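User: I would like to learn how to read strands and their partners in a model. Can we work through one case?

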Amino acid sequence: MSVQEERISAADRLTDVLARVVGTATHPSGLVTVTASAVGALKAVRIQPAALGQGPDAVGGMVTETAGLAVDAAVQTSYNELAKSLGDSMAMAIEDFAGPSPFARRAEAEQHAGPPTPGSAPQPGSAPRGGLRPPEPSSRPTPTIPGDPPRAAPPQPGRPTPPWAGQRTGAPRSRPAPPPEDDDDDDFFADPFRGQRR
Amino acid sequence: MDETQRAARRVADVEAQVSQHIARTGPVLGRASSSDGAVTVVTAPGAPPREIRISPGALNMGADALGAEIVRVAARASADAAARMHQSLARLTDPATSKALTEIGFPAGGIEDDFGDTYLRGPR
């Protein structure tokens, strides 16, 4: 199969994966669970009877918020499946025009936002986006390397907090940037007479 | 320039045209509501629901029935959003793009027309 045929096949598979893959997310209160596809279609909405006591606006808000997370989970799973079957280079090519994966976007947003300040800590009843637990924890285990020390230790009471303490430890590592292309002529200028030596 | 880069450039061109169009006209949103007005869903094409409005009376239908009703209405809102997107982009994209949108899950169906200010149908 030529490279072009392989890419056409990959594009067909992308459509198939986006239609087939679903993600599931649960609200931190445990009152709402939503299953959705990567293109935003809701497949199932399970509401606990206790949620109805919080009022119609709260129920609508919880379903909306959880649906967004379920779609993010489905998109992330789609990217993972593509990378698994097509390889990283093809997945990156698709990311070029389909946009970064939800995890990459979230990690980038957190990087721009900087470490959280004490005043911005989420309140128990407010249900923040980042505080929602991922839909399928078993399918996205945090990679652990034997002998690799933990990247951020929990803050000690008597110690000052280091600047890197705000980094997420549970987030998967982002893909390293590709090495820059070596298009300069260092080798030539290092020894300009190499072709004339005998 | 290989095929993937060419496709990416074409996508970027269409995206720029669509962005300019949306900046002029506002976002494309689809809406649907259950017949008794219990659940109303507003959504953009290919995205999760942007807003889900539930009437106080809808809570009486029970948790399972309410969840199923939200799924039904959200599907109609998504179809409405896809139809509005087709209608909105018809002047910007070629028929092949329109066909491609249908193939990837955005069918050019009918638009939910029960959200006007009046029940009278406007001139065509």
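User: Which residue does Thr26(A) stand opposite in strand 2 of chain A?

Analyst: In this predicted model, Thr26(A) stands opposite Thr33(A). The two strands involved, strand 1 (residues 22-26) and strand 2 of chain A, pair in the antiparallel sense over five bridges. They form a hairpin with five residues between them. In that turn, Gly30(A) has a positive phi of about 80 degrees.

User: What does strand 2 of chain A form with strand 3 of chain A?

Analyst: Those two strands form a hairpin as well, with four residues between them. Gly40(A) in this turn has a positive phi of about 90 degrees. Strand 3 covers residues 42-47, runs antiparallel to strand 2 of chain A and is joined to strand 2 by five bridges. One of the pairs is Val32(A) with Ile47(A).

User: Which way do the side chains of strand 2 of chain A point?

Analyst: In a regular strand, side chains alternate between the two faces of the sheet. Here Val32(A), Val34(A) and Ala36(A) point one way, while Thr33(A), Thr35(A) and Ser37(A) point the other way.

User: How many residues of strand 2 (residues 32-37) of chain A are buried?

Analyst: Six of its six residues are buried, and the strand is mostly covered.

User: Why does Thr40(B) count as buried?

Analyst: The cut-off for buried is under 20% relative accessible area. Thr40(B) counts as buried because its relative accessibility is 10%. Thr40(B) lies in strand 2 (residues 39-43) of chain B, and its side chain makes a polar contact of 3.1 Å with that of Ser33(B).

Technical notes:
Residues numbered from 1 in each chain as written. Chains lettered and ligands numbered in written order. Predicted model: local features only at pLDDT ≥ 70, side-chain atom pairs only at ≥ 80, totals over all residues. Heavy atoms only, no water. Buried < 20%, exposed > 50% of the residue type's maximum accessible area, 1.4 Å probe, protein only. Polar contact = N/O pair within 3.5 Å; in protein donor to acceptor, adjacent residues only side chain to side chain. Pairing = 2+ DSSP bridges.
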